[in-house]
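Work through the exercises below with the sequence and the model at hand. Each task is followed by a stepwise solution.

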Amino acid sequence: MTAPALDLLCIGNAIVDILAPVSQETLTALGSPLGSMTLIDAAQAAEIEAKITPEQVMGGGSAANTAVVAASLGVRVGYLGKVAADEAGLGYARDLTAQNLLYPSVPVEGADRPTARCIILVTPDGQRTMHTYLGICTEFGPEDVDQQAVSSAAVTYMEGYLFDKDRAQAAFILAAETAHKAGRRVALTLSDTFCVARHHDAFRALVAGHIDILFANEAEICALYGTNDFDSASAQAGADASLVVLTRAEKGAVILSEGQRLVVPTEPVKVVDTTGAGDAFAAGFLAGLAKGHSLEACARLGNQSAGAIITRMGARPAEDFALKA
């Protein structure tokens, strides 16, 4: 097995984030449950955008956020995600390459669907409620898996949000098989309880058959194993994947590996915007893993990365992001 050229390759929905602060009353008027992620069409996106004042417009998408934070921690990172060759998509590609990420995905010329966007409404309590128009990113399929990039990465990390369509599910399996053939590891984040509910059996099969490192929060892991008992769900996860990393907000993180259970607390911070907290945690953890840190140190770095992100608007690190793996 050759030495990996990349420490981490992330695969996910390539989405432009539009962040806007809103009142609870505005959110209620839109009929959106606090903290939810709702899929919308182009007309709904235009309607919501007409009612808000964006504070930030930036590249986004869960796995892309993980990729950018991990790169900022000093590890070698690549990303695969589908965009159109429109203004948003070309800007998205430039943004990633400017941050020293490998981005072999080619923006699609003449696409019949535009680059995706996620409108993130942030209430005064720091909670984010997302409205996502997926555009072309959901057309990601096996042909979009750059097998050379996958084979060259120590860990390929896949985003559960992308798992909705059959072709994307086939792409996940191809990526996992390609990585394992090259002697690499495969990681998955469950992303959202609604994703798990929509494709429960497919997720279970993916985790049991193809995943080495599983990331989830408490609600997601319970949804995957059909129980409200966190300890039961985590035990089942530990039987399916060799390394399980579970986040529990202010309770910290639970790590399961080789029959061992490790609880790593987190430090309280002043929450401004929870957008990207899980993405940043995964980035910190995987960056620590790439540097050969202990699992406890990886989890601490994950907690610190998430804490640094949620104290400001947006899911990407600012210039004062000073953590290193």
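Helices (H or I, at least four residues) and strands (E, at least two) are DSSP runs, numbered from the N terminus. The model is predicted.

**Exercise 1. Strand S10 and its surroundings**

Describe how S10 pairs with S9 and with S11, and decide whether S10 is enclosed or open.

Solution. 
1. Strand S9 (residues 185-189) pairs with S10 in the parallel sense, over 3 bridges. Ala187 has Ile213 of S10 as its bridge partner.
2. With strand S11 (residues 243-247), S10 again pairs in the parallel sense; here there are 5 bridges. Phe215 has Val245 of S11 as its bridge partner.
3. Burial comes next: 4 of the 5 residues of S10 (residues 213-217) are buried, so the strand is largely enclosed by the rest of the structure.
4. S11 and S12 run antiparallel and are joined by 5 bridges. Thr247 stands opposite Ala253 in S12.

**Exercise 2. A residue of S9**

Is Thr189 buried or exposed, and which residues does it touch beyond four places away in sequence?

Solution. 
1. Thr189 belongs to strand S9.
2. Its relative accessibility is 10%. Buried means under 20%, so Thr189 counts as buried.
3. Leaving out residues up to four places away in sequence, Thr189 touches Tyr157, Met158, Glu159, Gly160 and Phe215.

**Exercise 3. Helix H6**

Check the span of H6, find what covers its buried residues, and classify its packing against H8.

Solution. 
1. The 16 residues of H6 should span 22 Å at 1.5 Å a residue; the end C-alpha atoms are 22 Å apart, so the two values agree.
2. Buried residues in H6 include Ala168, Gln169, Ala171 and Phe172. Their cover includes strand S1 (6-11), helix H5 (147-151), strand S8 (153-159), S9 and H8.
3. Helix H6 (residues 166-181) packs against helix H8 (residues 200-210) at an angle of about 5 degrees, and the axes are 11 Å apart. That makes H6 roughly parallel to H8, since angles under 35 degrees fall in that class.
4. Gln169, Phe172, Ile173, Ala176, Glu177 and His180 in H6 meet Ala202, Leu206 and His210 in H8. By class, this contact has 5 nonpolar, 3 polar and 1 charged residues.
5. Just after H6, Gly183 has a positive phi of about 80 degrees.

**Exercise 4. Helices H3 and H11**

How many residues of H3 and of H11 are buried, and which glycine comes after each helix?

Solution. 
1. In helix H3 (residues 62-72), 10 of the 11 residues are buried, so H3 is largely enclosed by the rest of the structure.
2. Helix H11 (residues 277-290) is mostly covered, with 11 of its 14 residues buried. Among them are Phe281, Phe285 and Leu289.
3. From first C-alpha to last, H11 reaches 20 Å, close to the 20 Å expected at 1.5 Å a residue.
4. Gly292 follows H11, and its phi is positive, near 80 degrees.

Key
Residues are numbered from 1 along each chain as its sequence is written. This is a predicted model: local features need pLDDT of at least 70, side-chain atom pairs count only at pLDDT 80 or more; totals for chains, interfaces and linings use all residues. Side-chain values use heavy atoms; hydrogens and water are left out. Buried means under 20% relative accessible area, exposed over 50%, partly exposed in between (1.4 Å probe, protein chains only). Two strands pair if DSSP finds at least two bridges between them. Axes are lines fitted to C-alpha atoms, for helices over the stretch in contact, and angles run from 0 to 180 degrees between N-to-C directions. Angles under 35 degrees count as roughly parallel, over 145 as roughly antiparallel, 65 to 115 as roughly perpendicular and the rest as oblique. Contact means heavy atoms within 4.5 Å. Ala, Val, Leu, Ile, Met, Phe, Trp, Tyr, Cys and Pro count as nonpolar, Asp, Glu, Lys and Arg as charged, and the others, Gly among them, as polar. The expected span of a helix is 1.5 Å times one less than its number of residues.
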